[in-house]
Amino acid sequence: MIHLSKPYFDKREIKAVEETLDSGWVAGQGPKGIELSEQVKSLTETKYAIPLNNCTAGLHLSLLAVGIKPGDEVLVSDYTFPATGHAIMYCGATPIFVDVNIKSYNMDPTLIGEKINKNTKAILVVHVFGQVADMGLILNIATKHNLKVIEDAACAMGAKYNGKPAGSFGDIASFSFHARKNATCGEGGIVVTNNECYADIVSSLSCFGIDSAFKRQNEFAIPSFTALGYNYKLSDINASIAYEQLKKYPNTVERKRTIAALYNNLLQNNEFISIPYEAPNNYHIYQTYAITLDKRINRDKLILSLKSEGIQTQIGTYASHIQPVYNSKDKCPNSLFLFRQSLALPLYYELSEEQCCYVAEKLNYHINKQVSGK
Ligand SMILES: Cc1ncc(COP(=O)(O)O)c(C=O)c1O
């Protein structure tokens, strides 16, 4: 089976875990977490970085940090993973879904203005599949209407827009180290910000609303619980893996970009396929390589046909506004189309050129088969 995604670990991660286990500190917010924070601050050109147990927790705390509360409305990209809309609901606020550009899959800034009202407090923008959204226009609108900007940068570590890294545009941003991300420690995440106050809130709320045990270890001080915090800490075992993954990150991303370019070559002449669009001045890190299929192609049938050839594929991601949990009246036709017609192809560091060619060949074959009705 050629899998959709496969993490790339070697002896370096194993050595790092051994060292952490030997060190005696395996809980969260310890020395390995601090090391990871330093590394991510430098990568994202931000002042503060707080490791957490996943990106969803990071989105939740980011929204709380900028002051989102019940009754508020948050504008959010519709074409995304459940984590994005859910995080807004965790705060008791309402997600207002904004449709996406059909080519880039990212939030369409021209549709934001009509959704703003007196309850609108923030824009939660997603960098879909590892490509930064149109931040120039989005930040202009946010400034004009005094809205906070939170980046769901789950898939976008290392991605750039006009040379500036994902995570450095908004008030605060959250990244993921989930297994399908370019750098992974199984499950994990990290929040970055340039705002000291937001960083303090996220750090405290990730640890029950008190100072971490690591910070308190050299003094006898009994903390009091000043805020209803959570337990969202990233263990130092995970942090040490994420750190090693990020050390070899440029290599990982360049390899994924090379395979993406090969797919583009092999698929671009198929009139039933739109290959991923790379917006100008963007450095796409291809967490996912997702194509869009013509409406005449039955995407779900294609997934099953490819499975029978030993190829694992997947839908791109979800249209949020149609999900019952949100009870939304928003209309997002592009996102709905992408939800039905996008297809994520296998892409990972160790995928060979031969495997990539095999996937493209079978994809073209099964599309032609569907079209010809044979
Ligand atoms: C856009 C987006 N946001 C948030 C998440 C949640 O990340 P995590 O699994 O680390 O909570 C994901 C996960 O795939 C995602 O794709």
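**A helix pair, the fold and the ligand shell**

Helices α2 and α8 cross with a left-handed sense. This is a predicted model. The two helices, α2 at residues 31-44 and α8 at residues 236-247, pack at about 35°. Their axes lie 8 Å apart. On the α2 side, the contact is made by P31, K32, G33, E35, L36, Q39 and L43. On the α8 side, D236, A239, S240, A242, Y243 and L246 make the contact.

Now take in the whole chain. Its secondary structure comes to 12 helices and 16 strands. The radius of gyration is 21 Å, close to the 21 Å that the globule rule gives for 374 residues, so the chain is as compact as a globular protein of that length. Along the principal axes, the C-alpha atoms fill a box of roughly 75 × 55 × 35 Å. Of the 374 residues, 50% count as buried. Among contacts with a separation of 6 or more, 71% come from residues 24 or more positions apart.

Which residues are the closest to the ligand? They are N54, C55, T56, A154 and S176, in a surrounding set of 14 residues. Two elements give two or more residues each to this shell: α3 (55-65) and α4 (82-90). The shell divides into 6 nonpolar, 7 polar and 1 charged residue.

Definitions and conventions
Residues numbered from 1 in each chain as written. Predicted model: local features only at pLDDT ≥ 70, side-chain atom pairs only at ≥ 80, totals over all residues. Helix = DSSP H or I, 4+ residues; strand = E, 2+ residues; numbered from the N terminus. Rg over C-alpha atoms; globule rule 2.2 N^0.38 Å. Buried ≥ 20, exposed ≤ 12 C-beta atoms within 10 Å, placed from the backbone. Contact = placed C-beta atoms within 7 Å. Axes fitted to C-alpha atoms, helices over the stretch in contact; angles between N-to-C directions. Left-handed = near helix turned anticlockwise from the far one by under 90°. Near = placed C-beta within 6 Å. Nonpolar A, V, L, I, M, F, W, Y, C, P; charged D, E, K, R; others polar.
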